[in-house]
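Okay, thanks for making time, everyone. Let me put the structure up, and then I'll talk through the charges and the overall fold.

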Amino acid sequence: MAYPRLAYPTYEVGARLAGAEPVVYDDSPRELDPEGLRLLWLNSPSNPTGRVLPGEELKATVAWAREHGVLVFSDECYLELGWEAEPVSVLHPDVCGGSHEGIVAVHSLSKRSNLAGYRAAFLVGDEAVLAELLRVRKHGGMMVPAPVQAATVAALGDDTHVAEQRERYAARRTALRTALEASGFRIEHSEASLYLWATRDEPCWDTVGELARRGVLVAPGDFYGPAGERFVRVALTATDERVGEAVRRLTA
């Protein structure tokens, strides 16, 4: 099982729980040796970097995976939160050629609808793969409670709250980015998602400590792999009031 070198730890943990060997890739999974590879994770927009993969890159990756018999799982939990780029689903006809064979898109309502505590999510894609997951699901204790199912249906049926929340995130993003850059940070990628991937070209724990002394909490980049050791992840998920206070402390 392969996943991006900079990634949320769940991909690696999931592979180990399944008894699979996790391997990482850098810019493109097509650089991997496909021998023995059975499952490939994509993540666009990325957590933690906010990087967005272009449609042509996704198309080439899907074609490569199909050629080598590799199942593609695409984590698209931040798909509706593009700022400087327009994220594209792996299920878009221009990417998959109108066929869902060998691909599954993973979606969550945690980000678009603020339902993180509900653990509300869904999968879309290859019917044969989904059928197998449905057979395993009930024995794995992964039944979704009826109230959560009802909340999921209600949230997916309403786009107004998503647009309103996007505006809140956009305002917080602008304020935090301006304050971070004024404080000597460089922002890389971050064209989408709920985070700013920031660095002052120093060990991430030095940055974490210095910001903590100002009362500003961020995530150390090495939590997402050794490649993030000189970055921190700054979230846009605090309240407007707390974001405003963080901006004040950063620029004081």
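So, a search of the whole structure turns up 17 salt bridges, counting a side-chain nitrogen of Lys or Arg within 4 Å of a carboxyl oxygen of Asp or Glu. Before I go on, this is a predicted model, where local features need pLDDT of at least 70, side-chain atom pairs count only at pLDDT 80 or more, and totals for chains, interfaces and linings use all residues. Residues are numbered from 1 along each chain as its sequence is written, and side-chain values use heavy atoms, with hydrogens and water left out.

Let's look at a few pairs. Glu 12 bridges to Arg 16, with the closest N and O atoms 3.0 Å apart. Why do these two line up? They sit four residues apart in helix H1, residues 10–17, so about one helical turn separates them. Helices here are DSSP runs of H or I with at least four residues, strands are E runs of at least two, and both are numbered from the N terminus. Glu 12 is partly exposed at 29% relative accessibility, while Arg 16 is exposed at 55%. For those labels, buried is under 20% relative accessible area, exposed is over 50%, and partly exposed is in between, with a 1.4 Å probe and protein chains only.

Next, helix H5, residues 127–137: Glu 132 and Arg 135 are three residues apart there, again about one helical turn. Their closest N and O atoms are 2.7 Å apart in a salt bridge, and Glu 132 is partly exposed at 41%.

Then there's Glu 188 with Arg 186, a salt bridge at 3.0 Å, N to O. Glu 188 comes out partly exposed at 27%, and so does Arg 186, at 34%. And we get a network too: Glu 84, Arg 173, Arg 177 and Glu 181 are joined by salt bridges that share partners.

Zooming out, the protein chain has nine helices and 10 strands. Its radius of gyration is 19 Å, close to the 18 Å from the globule rule for 252 residues, so the chain is as compact as a globular protein of that length. That radius is over C-alpha atoms, and the rule is 2.2 Å times the number of residues to the power 0.38. The C-alpha atoms fill a box of roughly 55 × 40 × 35 Å along the principal axes. Buried residues make up 46% of the 252.

Okay, that's my tour; over to you.
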